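The sequence and model are shown below.

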Amino acid sequence: MPSILNADLHCHSVVSDGTLTPEALAERAAANGVELWALTDHDEVGGQHRAMAAAKAQGMRYLTGCEISVTFAGETVHIVGLGFDPDDARMRAGLQATRGGRGERAQEMSAGLARVGIPGAYEGALTFVGNPELISRTHFARFLVESGVCRDTSEVFRKYLTEGKPGYVPHRWATLKDAVHWITAGGGIAVVAHPGRYNFTANEEHALFIEFQAHGGRAIEVVTGSHSPAEYVEYTEKALEYGFAASRGSDFHSPDESHVDLGKLPWLPGTLTPVWELLEDRIQ
């Protein structure tokens, strides 16, 4: 496939914390000129067959996808898997175990918010959840906006849901090794999602990239919705330095919340190897 391609390989549906169905996302992606698409719900592959069928109906090529939550150096890091077998038993079992802690964590978040005068947040957040196994901070944020506590989800995170705030509860996710192995054992390629978002020192980021490579990780997101133009340049250089392929994806969640719409990102720099070139035989 050509390196200059409108590929959007990172977005979320109601199966995790997006607000659109896989079918509605496929329609929106196709309308925006996306040629190669992947649905990458958090820690869940339950929407993959629907997304695949929807992509085909819209005339788009498709790569299977998932965004796996990992704990590394005390931070939550996201690893996107692309092109794996969505029915692989090891991945499904691993993801189910990773999702398992979300319900308990959500109850603790609700208790923390109740202590500062916001009762019923768990029940409120559930009304925004397509899949109760995947209740997340995003669902709490939508409830706090809907109930008038905050103007928008950014304000909710700033005031209530980040470290040191009343509704913040850390969660132990999968290990980096596990996540990369689930993806690669299923025939896919592991990608570090939006590396510019993590609060790592230069040494910590280097350690992440080296360990990720050691476990078989082969790509990083360079052009993504939460990266600035300066970070496009920075992570182009990092991809070349470490020998990573590059991915491109909007990280689209909702028409009302996302920074960038599906398919509306700048092109990947021509000096990079696009991740889809490594996945030619996995494209549906």
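## Accessibility and cysteines

A residue is termed buried under 20% relative accessible area, exposed over 50%, and partly exposed in between, using a 1.4 Å probe and protein chains only. Cys66, at 0% relative accessibility, is therefore buried. Cys150 is likewise buried, at 5%.

The whole structure contains zero disulfides, a disulfide being a pair of cysteine sulfur atoms within 2.5 Å. For Cys66, the nearest cysteine sulfur belongs to Cys11 and lies 12 Å away.

## Basis of the values

The model is predicted: local features need pLDDT of at least 70 and side-chain atom pairs count only at pLDDT 80 or more, while totals for chains, interfaces and linings use all residues. Residues are numbered from 1 along each chain as its sequence is written, and side-chain values use heavy atoms, with hydrogens and water left out.

Tyr232 lies in helix α10 (residues 229-242); helices are DSSP runs of H or I with at least four residues, numbered from the N terminus. Its relative accessible area of 16% makes Tyr232 buried. Leaving aside neighbours within four places in sequence, Tyr232 contacts Val222, Val223, Thr224, His227, Leu265 and Pro266, where contact means heavy atoms within 4.5 Å. Gly196, 36 residues apart from Tyr232 in sequence, is 9.1 Å from Tyr232, C-alpha to C-alpha.

## Packing of α1 and α2

Helices α1 (residues 22-31) and α2 (residues 48-57) pack at about 35°, with axes 8 Å apart. Axes are lines fitted to C-alpha atoms over the stretch in contact, and angles run from 0 to 180 degrees between N-to-C directions. Pro22, Glu23 and Ala26 of α1 meet Arg50, Ala51, Ala54 and Ala55 of α2 in this contact.

Methods
Helix = DSSP H or I, 4+ residues; strand = E, 2+ residues; numbered from the N terminus.
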